[in-house]
Amino acid sequence: MALPIASIQLYTLAAEFSADMNASLDKLAGIGLRTVEAFDFVGRPTQIRAALDRAGLSSPTGHAPLLSDELWTPDGSIPTPANEVVFEAAAEIGMKTVIEPMVAADRWLTEDGVKDIAERLNAASETAKEYGLSVGYHNHAQEFVASFDGQTAYERFLDLVDPSVVIELDLFWALAGQQDVVGLVEKLGDRLAAIHVKDGIAPTSNPFAPDAPAFDSSSLDQRHAGDGEVPTVEAMQAATAVQYAVIEYDRAPGDVFEDIADSYSFLIEKGLAA
């Protein structure tokens, strides 16, 4: 397998990117990155495309809600547009895959809920093809709360979702969901096309469980890749078809650009990405 391409989820530097798009992308290019994973791009595709072209970067993947009226994040909800509007913006930016970043925890607690998520994503996949795009799914930890007949909700989802749907595995959140991260990568096999490279100290219990206390990103102990509990090297080495190694911090521990550079250097020096 060719080495995955190192990328960066722009949610990591959402404030900096919104304040000065060109300067932020210049700094990412200076680190050595060639690709990014866009976030909150639907309302400004022309501006983002121009800034990417100026910096010599591309955004082959991007995050946008496809299955919900609003996107929940640990720091607040964001209203969501229709899928067709999302796909038009993604195509203008030059994306190949639009990835659903978050589906509310309560929708993963029942079999009917999981079935509905898969069916909606399958329908979105068909619509995306009209725009020359594919769709994908990015996990947090809520997909691992419920189990049905010995399968986690996430495993049931994988059985129901069409093979055309790209799987992007967030290593930190899989660990927070108390999963065997390397085993999950091996189980996903060639279905796994992208990995979110994120490290830190996992919460002692699943923060998305119904009885878990409320939390936001300030409570997360996230660290540079290789400095936490996530078996990043082993997981990346177990992957068989990953195209993108996407650095992300929900909460950067220090200066965000220095933190990104540290994780990028880790990936390159360990021979895990190009």
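This is a predicted model: local features need pLDDT of at least 70, side-chain atom pairs count only at pLDDT 80 or more; totals for chains, interfaces and linings use all residues.
Does Asp 40 count as buried, exposed or partly exposed, and at what relative accessibility? Keep that in mind, everyone, while we look around.

Let's answer the opening question. Asp 40 has 42% relative accessibility, and residues count as buried under 20% and exposed over 50%, so Asp 40 is partly exposed. You can find this residue in the loop between E2 and H3. Its backbone is worth a look too: Asp 40 is not a glycine, yet its phi is positive, about 55°.

Gln 178 sits in the loop between helix H7, residues 171-176, and helix H8, residues 181-188. Its phi is also positive, near 65°, and again the residue is something other than glycine. With a relative accessible area of 54%, Gln 178 is exposed.

Next, please turn to helix H2, which covers residues 21-31. Which residues of this helix are buried? They are Met 21, Ser 24, Leu 25 and Leu 28. Looking down the axis of H2, we see these buried residues within an arc of 95°, so they line one face of the helix. Here is a handy rule for reading that pattern: an α-helix has 3.6 residues a turn, so residues three or four places apart point the same way.

How values were computed:
Residues are numbered from 1 along each chain as its sequence is written. Side-chain values use heavy atoms; hydrogens and water are left out. Buried means under 20% relative accessible area, exposed over 50%, partly exposed in between (1.4 Å probe, protein chains only). Helices (H or I, at least four residues) and strands (E, at least two) are DSSP runs, numbered from the N terminus. The arc is that of the directions from the helix axis to the C-beta atoms.
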